[in-house]
Amino acid sequence: MTTTRREFIRDAGVCAAAAAAGAANAADTESHTGPAAPEAITWRRTAPVRYECDVAVIGGGIAGVCAALAAAKSGARTLLVEQFAVTGGNATVGGVASFCGETAGQGEAFDAIVDAMETWNAIAPYRPYPEADNRVFDHAVLAVVLQELLLARGVKLLLHTHFVDVLERDGRITECVVCGPSGPEGLRARQFIDATGEAMVARMAGFETMKGRPEDGLTLPMSLLFFVRHVEEHDARAQVPPEWFEAIRSAADLPMTSVWPNGPRSNALKIKVPMFDAADTESLTAAEIRARRRMMEVLDYYQRVEKKPWILDHGSPRIGIREGRRIVGDYVLSVDDVRAARAFDDAIARGVYALDGHKPDDDKRTYILPPEARAVPPYQIPFRTLIVRDAGNLLTAGRCFSADQLALSSARVMTTCAMMGQAAGIAAALASARQCDPRQLDFAAVRRTVEERGAVLDV
């Protein structure tokens with residue numbers, strides 16, 4: 001489903017936008033089902049332009065980190081905006097401590113991350129895909145490693161900083177507004193990379209976005225990671241008072257639950273949380289509430305029914321999101337492209353992971369496709385899927401790139417997102433140096449640089 005462009009009142013140094021209640025539904029026409037749009041307000045505020053750079057990366061997940069690392073390596077003055085206290089996104093804040101797919105040949109930026117994690121002895125030994133379809137790591141160590149790699153390359157970090165809005169003229173973004181503890185501030189850059197995961201920059205600039213499956217807009221389900229410690233059996237106590245949440249009485253009543261290793265005397269548990277929309281404020285709030293309730297119900301089941309000597313250590317501070325909004329790019333990668341291992345002259349990334357499309361309308365271990373239809377050959381992702389249609393100086397990277405839902409279900413994994421991030425960073429730095437828009441670059445030159453930096457694109 002798509003959203004349409006909308007108009008803002010803007011002038012230099014001044015940002016005026018409709019407030020969240022009105023603007024979100026004005027832009028996200030697919031999410032408003034009421035009889036009439038809610039009342040809107042217009043607000044104005046003058047914000048100082050405190051930051052200037054060549055390349056601004058909005059969003060510090062793995063895609064955003066690799067974009068910033070690559071742009072800085074190319075000599076661009078690079079700034080990375082992240083809403084949490086650490087970068088890494090789902091890998092750190094979300095607790096998803098496993099790189100899915102192939103971890104070799106993803107490019108220099110991702111190689112630097114893996115090399116550092118190996119130095120820390122904080123990642124499982126390498127095994128090629130598909131011999132191993134994931135590679136477990138210590139997500140707390142990763143948060144420190146990413147921070148230090150970024151700083152070592154001269155990337156300016158703005159943590160605890162939220163993206164708010166953009167100023168756009170004739171398809172080009174001049175500034176964006178961010179807000180941290182200092183309040184609203186302006187950020188001016190030559191090139192912008194939307195690595196928000198929800199295509200927030202593209203959406204707020206008024207460019208077309210899409211989300212969900214065409215027939216009903218339902219998105220791939222979210223999951224919550226939580227962590228338990230093992231204690232002596234006589235120390236284990238049921239932690240959930242019976243009157244608080246509904247008891248799960250049998251394994252058949254559990255939601256999809258995966259139990260992962262998490263170091264000595266510890267496990268991570270991942271539970272499926274379907275039927276919520278990560279691109280809607282109220283729905284994402286409801287998803288977090290539902291997820292933490294389910295966390296306690298699942299823990300109670302393992303303690304009370306299966307007699308596991310587990311106690312709750314912590315739940316991830318953010319639910320894991322598989323799909324939010326995606327841009328509509330100059331090219332939309334399709335599941336047919338993926339299955340056909342289609343080759344592209346402007347290839348900048350390669351995917352190998354299966355079509356991991358969990359059914360969006362139940363909480364069991366069910367999939368959109370049958371098992372025999374989920375495997376894919378290695379496939380290429382073209383640079384055009386990172387270029388926002390109708391935009392001048394805006395690229396994207398990660399799971400908000402231009403793809404249909406099933407293609408996304410494979411390409412959303414962090415290894416592939418890292419490759420997209422590196423390519424976006426290289427292209428943004430090159431466009432900044434040449435004072436042009438990414439669409440005007442020689443795509444073959446972008447691909448050549450991507451490959452020179454260690455990305456394996458062969459299919």
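This is a predicted model: local features need pLDDT of at least 70, side-chain atom pairs count only at pLDDT 80 or more; totals for chains, interfaces and linings use all residues.
Q: Why is α2 called roughly perpendicular to α3?
A: In general, two packed helices are described by the angle between their axes and the distance between the axes. Here, the axes of α2 (residues 62–73) and α3 (residues 108–119) come within 8 Å and cross at roughly 110°. Angles of 65 to 115 degrees count as roughly perpendicular, so that is the label for α2 and α3. As for handedness, α2 passes α3 in a right-handed crossing.

Q: What makes the contact between α2 and α3?
A: From α2 come V65, C66, L69 and K73, and from α3 come E108, A109, F110 and I113. Sorted by type, these residues give six nonpolar, no polar and two charged. Lys and Glu count as charged, which puts K73 and E108 in that group.

Q: How do you know that β14 and β15 are paired, and in which sense?
A: Two strands pair if there are at least two bridges between them. β14 (residues 257–261) and β15 (residues 266–273) have five bridges, so they pass, and the sense is antiparallel. Looking across the pair, W260 stands opposite A268 in β15, while P261 stands opposite N267 in β15. The hairpin of β14 and β15 has four residues between the strands, and G263 there takes a positive phi near 85°.

Q: Why do β14 and β16 count as standing at the edges of their sheet?
A: The open sheet has four strands in the order β14-β15-β13-β16, with antiparallel pairing. β14 and β16 (310–315) each have a single partner strand, so one side of each is left without a neighbour in the sheet. From one strand to the next, the twist averages 30°.

Notes. Residues are numbered from 1 along each chain as its sequence is written. Side-chain values use heavy atoms; hydrogens and water are left out. Helices (H or I, at least four residues) and strands (E, at least two) are DSSP runs, numbered from the N terminus. Axes are lines fitted to C-alpha atoms, for helices over the stretch in contact, and angles run from 0 to 180 degrees between N-to-C directions. Angles under 35 degrees count as roughly parallel, over 145 as roughly antiparallel, 65 to 115 as roughly perpendicular and the rest as oblique. A crossing is left-handed if the near helix is turned anticlockwise from the far one by less than a right angle, and right-handed if clockwise. Contact means heavy atoms within 4.5 Å.
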